[in-house]
Amino acid sequence: MTPIESDSQDIAVSVKDLTMAYREKPVLWDIDMEVPRGVLMAIVGPNGAGKTTLIKAILGLLKPAAGKVEIFGKPFESQRYYVGYVPQCGSVDWDFPTNALDVVTMGRYGHLGWFKRPSKMDRDLALDALDRVGMADFADRQISQLSGGQQQRVFLARALVQDAMIYFMDEPFVGVDAVTEKTIVGILKTLRDQGKTVIVVHHDLQTLSEYFDWAFLMNVRQIALGPVSEVITQENLKAAYGGRSAIF
Amino acid sequence: MIDQLFVLAIACVVAIACALPGVFLVLRQVALMSDAISHAILLGIVIVFFIVKDLHSPFLIVGAALTGILTVVLTELVIQSGRLKKDAAIGLIFPFFFSIGVILITQFAGSVHLDSDAVLLGEIAFAPFNRFLIMGLDLGPISLWVMGAVLVLNVTFITLFYKELKLSTFDSALAASMGFSPVVLHYALMSLVSITAVGAFDAVGSILVVALMITPPATAYLLTRQLKRMLLLSALIGILSAVMGFFFAVAIDASIAGAMATVTGVFFLLAFCFSPDQGVLQKYLRLKAQRVSFSATMLLVQLLDHEGTDTEREENTVSNMIDHMGWTEPFVKQVVRHGLHQKAIIRKGDGLFLTDLGRELARSAMTHT
């Protein structure tokens with residue numbers, strides 16, 4: 001799966017002059033971001049900074065007021081098969097009548113396209129992915145009976161079967177236990193080591209340098225982008241959080 | 001006799017045709033849309049009737065379906081404005097359309113067979129008399145043909161787009177990122193609901209359309225946790241409601257549509273109380289069993305605590321449990337019975353004694369907390 005011409009290979013995601021507003025209030029203001037291929041990057045910032053909105057704008061789920069987004073040098077619409085997405089766990093109805101395997105299989109739907117049904121191969125891929133996140137025994141479990149950590153693992157497995165080049169994940173560590181957090185981090189690092197680009201909305205500044213190579217610090221406007229150690233400076237954090245940052 | 005069979009056949013076809021899209025309405029939490037659409041279409045029917053002056057014109061169906069979709073569009077616009085919540089937006093548009101329809105009928109169509117009672121409850125008993133004639137050849141009731149076609153349409157659509165409907169209902173963000181436009185699917189589904197409501201409207205009226213679209217899926221939702229089974233079960237419950245409602249209505253000489261709607265409600269009530277998985281009764285029993293077994297463990301710990309002490313004779317008795325734990329006498333009896341059944345305790349008169357197993361259970365309960 002080589003999506004692109006060689007010169008645009010190095011930039012996985014490029015965002016130019018992205019601005020979004022909710023009614024009159026700007027939620028994203030003039031964001032410029034170039035994420036190199038193969039990094040594990042956190043999007044950090046205070047509540048209401050527009051982190052989720054940024055991801056949704058990149059994925060074309062929200063329409064920006066201005067700006068341009070490119071995935072490997074082309075518009076998202078032509079590149080969607082190279083993109084995997086893990087929405088916030090709380091954004092779906094976990095009482096939906098289905099089981100874990102079925103939810104993971106949904107990750108294959110993008111490859112199948114319209115009309116085509118998932119085959120045995122798709123199901124096998126889904127079972128493998130469940131195994132990778134340590135949920136092989138829960139394939140037949142009703143999703144309503146899964147704990148928060150298990151739900152998040154199912155979502156991650158679903159992203160794995162998308163077999164993407166770039167992953168966007170929205171707060172995958174929310175509501176999970178310590179073991180699940182370690183499992184997820186391990187898998188994110190494996191994906192990075194395979195040359196994939198992983199972009200994660202993250203809340204916890206404490207774990208930032210342990211989990212991620214890169215960070216994008218923002219609060220409506222962008223504040224800094226680069227390797228974690230360069231981004232997380234007192235000055236930058238003050239710019240993002242005002243006086244509210246507790247860790248430095 | 002043959003007419004009664006036709007009534008039953010029409011009712012069953014309507015029931016299945018309504019239940020299938022209804023499943024997705026219930027899961028998408030827009031069940032009220034069926035109410036909105038099935039009422040709003042009256043306006044379309046009336047307006048087209050004034051234009052073509054023929055109650056049997058196929059344009060009536062087109063006009064009605066368009067009004068249904070217009071209702072959906074306007075409702076979505078109100079929701080997107082962000083000023084009102086979904087339920088308020090849904091409830092806002094259709095009474096307006098419906099009332100205009102009612103005013104137009106009462107003012108200008110007094111002499112026509114288009115009255116507001118028939119609109120709400122329909123008159124399925126008359127449906128067989130409205131025949132489908134081609135060059136003098138009688139092909140049976142029109143309603144059966146219309147609803148048969150609607151049923152085929154619904155089954156085809158849901159079979160073809162099963163995967164897409166499931167994904168966009170469960171996780172519309174992922175569906176959108178994969179290129180399965182949730183907006184397109186939403187409008188497709190709503191068009192299907194409109195067409196179904198229009199087709200069923202003539203035969204069974206808007207209330208039964210709503211009852212058949214929401215209640216069997218809601219009942220099935222309580223009985224299964226699998227989408228395919230939920231679809232099948234909804235259809236089955238719809239058929240059962242139609243058949244039982246029909247015979248019930250004949251027996252007490254009541255409105256057929258009313259009786260069918262009532263039976264759907266009865267099915268829901270039964271599932272709500274007795275569903276093996278999610279019924280109220282099951283939940284109550286499970287909770288009660290949990291309370292008894294937890295209390296029995298507490299009892300074991302209490303017995304272990306005082307075992308071999310000077311106060312054992314007073315503490316470890318049935319009567320002390322009533323004073324000490326603040327449990328009622330019947331509850332203490334239940335708890336003791338549970339302990340005896342577990343073979344964790346032995347009872348001698350008023351006194352209670354641990355068995356080896358009881359001691360072990362008490363210790364493991366202490367270490368696990």
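1. Which residue of chain A forms a salt bridge with K166(B)? In this predicted model, the partner is D102(A), and the closest N and O atoms of the pair are 2.7 Å apart. Across the interface of chain A and chain B, three salt bridges are found by the rule.

2. The interface itself draws 31 residues from chain A and 31 residues from chain B. Between them the two chains bury about 2800 Å², with 63% of that area on carbon and sulfur atoms. On the chain A side, the residues that lose the most area to chain B are F96(A), P97(A) and W114(A), which together account for 25% of what that side buries.

3. Within chain B, helix 2 (residues 32-52) and helix 4 (residues 86-108) have axes that come within 8 Å and cross at roughly 30°. Angles under 35 degrees count as roughly parallel, so helix 2 of chain B and helix 4 of chain B are roughly parallel to each other. Their crossing is left-handed. Residues in this contact include L43(B), V46(B) and F50(B) from helix 2 of chain B, and F94(B), F97(B) and I105(B) from helix 4 of chain B. By class, the contact residues of these two helices are 18 nonpolar, two polar and two charged.

4. The crossing of helix 1 of chain B and helix 9 of chain B is right-handed. Their contact has 25 nonpolar residues, two polar and no charged ones.

Methods: Residues are numbered from 1 along each chain as its sequence is written. Chains are lettered from A and ligands numbered from 1 in the order in which they are written. This is a predicted model: local features need pLDDT of at least 70, side-chain atom pairs count only at pLDDT 80 or more; totals for chains, interfaces and linings use all residues. Side-chain values use heavy atoms; hydrogens and water are left out. Axes are lines fitted to C-alpha atoms, for helices over the stretch in contact, and angles run from 0 to 180 degrees between N-to-C directions. Helices (H or I, at least four residues) and strands (E, at least two) are DSSP runs, numbered from the N terminus. Angles under 35 degrees count as roughly parallel, over 145 as roughly antiparallel, 65 to 115 as roughly perpendicular and the rest as oblique. A crossing is left-handed if the near helix is turned anticlockwise from the far one by less than a right angle, and right-handed if clockwise. Contact means heavy atoms within 4.5 Å. Ala, Val, Leu, Ile, Met, Phe, Trp, Tyr, Cys and Pro count as nonpolar, Asp, Glu, Lys and Arg as charged, and the others, Gly among them, as polar. Buried area is the accessible area (1.4 Å probe) that two parts lose on being put together, summed over both. A salt bridge is a side-chain nitrogen of Lys or Arg within 4 Å of a carboxyl oxygen of Asp or Glu.
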